[in-house]
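Hi,

Here is the structure we talked about. Please open it and keep it on screen while you read my notes below.

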Amino acid sequence: MRRATLSTIAAVALALMLGACTEKGGEQQTYGPDPQLPEPNRGLLPRMVIAKPAPWGDKAPTVPQGYTVTAIATDLGIPRQSLVLPNGDILVAEGRGGADAPKLKPKAVIAGVIKAKGTTQVDSGHRVTLLRDADGDGQYELKTVFADDLNAPYGLAYHDGKLYVANQDSLVRFDYRDGQTKAEGPPHKLTDLPSAINHHWTKSMAISPDGRFLYVGIGSNSNITERGMTAEVDRAVVWQIDAESGMHKPYATGLRNPTALAIQPDTDVLWAVVNERDEIGPDLVPDYLTHVQEGGFYGWPYAYWGPNADTRVMPSDPEKVKATIKPDYALGSHVAALGVAFSAPSMGGQFADGVFVGEHGSWNRNPPVGYRVVFVPFRDGKPAGDPIDFVTGFREDDGTTYGRPVGVTVDPRGALIICDDLANIVWRVTPAR
Amino acid sequence: MSATMDRRAQVHVYSVHAIHPFHAVMLAATLPLFLGALLSDWAYWRTHEIQWANFSSWLIAGALVFGAVALLFAVFGLFARRGRGGRRSLYLLLLLAMWVLGFINALAHAKDAWAVMPMGLLLSVIVALLAIAATWVGFSTLRSEMVS
């Protein structure tokens with residue numbers, strides 16, 4: 001009798017554990033405007049598949065036929081986003097933020113240790129580095145520090161002699177002359193940015209074509225309000241900031257983690273890639289690409305992908321659930337889109353009209369997804385068709401991971417610049433000429 | 001024990017096998033921690049104030065640490081004096097159930113925000129009751145037993 005009871009307990013416990021491990025995602029995710037949204041589910045353990053970092057060695061990312069890829073800068077201090085200046089020089093923002101976010105549960109302590117295994121161990125640069133190819137041979141022979149002593153810089157923007165840098169806690173401005181390789185002094189602070197806790201610390205940025213407004217993406221302070229609602233004031237929003245005065249207003253809200261922003265050429269509409277919530281299943285919730293409606297509410301934390309309520313949020317808000325806008329285009333759940341850039345005809349062939357998206361790669365999905373740069377083709381200014389692999393080879397099937405793409409930037413002269421924050425490399429992909 | 005009994009025919013042996021003081025401290029520690037987790041779960045249930053869920057997580061983790069040591073003592077106790085009484089087996093069984101369900105409860109509490117509920121509260125009730133029962137049975141060995 002006793003033995004029977006014991007083994008029953010053991011069997012139930014084992015079944016519960018295994019239940020957690022069978023939570024498996026489909027090989028193929030659904031993309032586009034109407035992704036399949038399964039019922040939320042989570043076993044007792046969140047599914048974690050962590051990248052196993054390894055050096056690139058002689059290897060390089062895989063690019064489509066007719067394109068070449070080169071490492072134009074190595075040994076950086078965690079490169080995240082880049083910017084191409086009018087003279088062709090490239091600026092790279094380096095660093096890691098979020099160190100002040102306290103771990104509130106044993107789970108956070110354990111998950112932190114596990115997730116750190118899949119990221120780089122080098123020190124944060126906290127700087128902006130300038131890369132120059134003076135003779136136009138594709139080799140960026142000059143690598144020099146443009147500005148130092150920044151605080152986890154991420155978003156970069158330029159307009160008419162003004163260079164804007166979004167630190168994890170402030171938006172600053174440098175004066176810039178054509179050809180300059182070093183900032184003349186410390187920057188002018190335009191405004192503070194929300195930085196208490198800074199669970200999602202990256203401050204993505206884009207500038208309106210007339211240079212009047214900066215748009216800054218500010219991520220949520222939690223996965224799904226597990227730090228309480230008071231931590232979410234001024235979070236999960238895109239701010240519109242006056243470039244002259246530094247005054248701001250919320251431009252759009254409910255965007256959980258808007259990790260990259262871009263202005264669409266011709267239409268001047270603001271677009272964003274947004275990382276959605278974790279821990280409700282391998283195929284929920286799709287990260288997305290969307291044009292950002294002024295005053296729009298995109299759901300976080302109350303709902304996702306239109307009016308689908310997230311029951312983990314209490315108190316709930318049915319009005320907010322109802323008001324949730326459906327985004328334009330699903331990139332796949334957990335891909336961790338961290339970069340977005342509109343293409344240019346100089347990128348050639350089938351990659352001329354659309355956006356490039358850098359996918360850092362998943363931790364909360366089996367099999368893992370992301371770890372690549374995709375191209376989302378556009379037609380008539382809107383996404384049209386499934387994403388196409390543009391740069392792959394970052395991760396092997398056995399989990400060995402050489403790099404993880406973050407920011408992507410299109411050089412109008414015909415190149416895609418990719419920051420790799422695992423290998424601390426900047427890659428440049430060009431159509432063969 | 002009656003005075004009317006034939007004293008020659010009966011030999012009374014009083015056996016006192018109290019659990020080791022260290023074992024006792026480990027066992028005793030589980031009760032207030034699991035009970036505390038239950039109370040803070042109740043507070044989270046009523047107020048939706050997230051800090052209570054954080055408290056619960058740590059209280060459960062602490063109870064599991066002490067509970068694991070008590071469980072080791074109980075296992076060794078069973079093997080050390082095999083065949084002695086059902087009470088020791090019952091104690092081990094209660095302690096084991098408390099710990100296993102307590103561990104599952106820790107995982108339930110590792111979910112984000114309201115996803116802890118209602119499973120977390122339900123498990124906290126069951127685990128607190130098991131902790132009370134295990135402590136009761138575990139400490140009852142302090143009473144002298146008559147063994148004939």
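Over how many bridges do E15(A) and E16(A) pair, and in which sense, parallel or antiparallel? Strand E16 of chain A covers residues 270-275, and E15(A) pairs with it in the antiparallel sense over six bridges. Keep in mind that this is a predicted model.

**The sheet in chain A**

Ala260(A) stands opposite Val273(A), which lies in E16(A). Now step back to the sheet. It is open and has four strands, in the order E15-E16-E17-E20 of chain A. The pairing is antiparallel. In general, the strands of a sheet pair through backbone hydrogen bonds, either parallel or antiparallel. Which strands are at the edges? They are E15 (257-263) and E20 (329-333) of chain A, and each pairs on one side only. From one strand to the next, the twist averages 15°.

**Chain B overall**

Chain B has four helices and two strands. Along the sequence, its pattern reads β-α-α-α-α-β. The chain has 148 residues, and 42% of them are buried. Now take the contacts in chain B between residues at least 6 apart in sequence. Of these, 75% join residues at least 24 apart.

**Helix H1 of chain B**

H1(B) runs over residues 21-47. Does its length agree with what a helix of 27 residues should span, or disagree? At 1.5 Å a residue, the span should be 39 Å. The end C-alpha atoms are 39 Å apart, so the two agree.

Next, find its buried residues. Among them are Met26(B), Leu27(B), Thr30(B), Leu33(B), Phe34(B), Ala37(B) and Leu38(B). Further along, Ser40(B), Asp41(B) and Tyr44(B) are buried as well. Here is a rule to hold against that list. An α-helix has 3.6 residues a turn, so residues three or four places apart point the same way. After H1(B) comes His48(B), with a positive phi near 60°.

**Where the chains meet**

How many residues of chain B are in contact with chain A? There are 20, and they touch 25 residues of chain A. On chain B's side, the elements that give two or more residues are helix H2 (50-80) and helix H3 (86-109). The largest share comes from H3(B), with eight residues. By type, this side of chain B has 14 nonpolar, four polar and two charged residues.

Send me your questions once you have been through it.

Best wishes

Methods: Residues numbered from 1 in each chain as written. Chains lettered and ligands numbered in written order. Predicted model: local features only at pLDDT ≥ 70, side-chain atom pairs only at ≥ 80, totals over all residues. Contact = placed C-beta atoms within 7 Å. Nonpolar A, V, L, I, M, F, W, Y, C, P; charged D, E, K, R; others polar. Expected span 1.5 Å × (residues − 1). Buried ≥ 20, exposed ≤ 12 C-beta atoms within 10 Å, placed from the backbone. Pairing = 2+ DSSP bridges. Axes fitted to C-alpha atoms, helices over the stretch in contact; angles between N-to-C directions.
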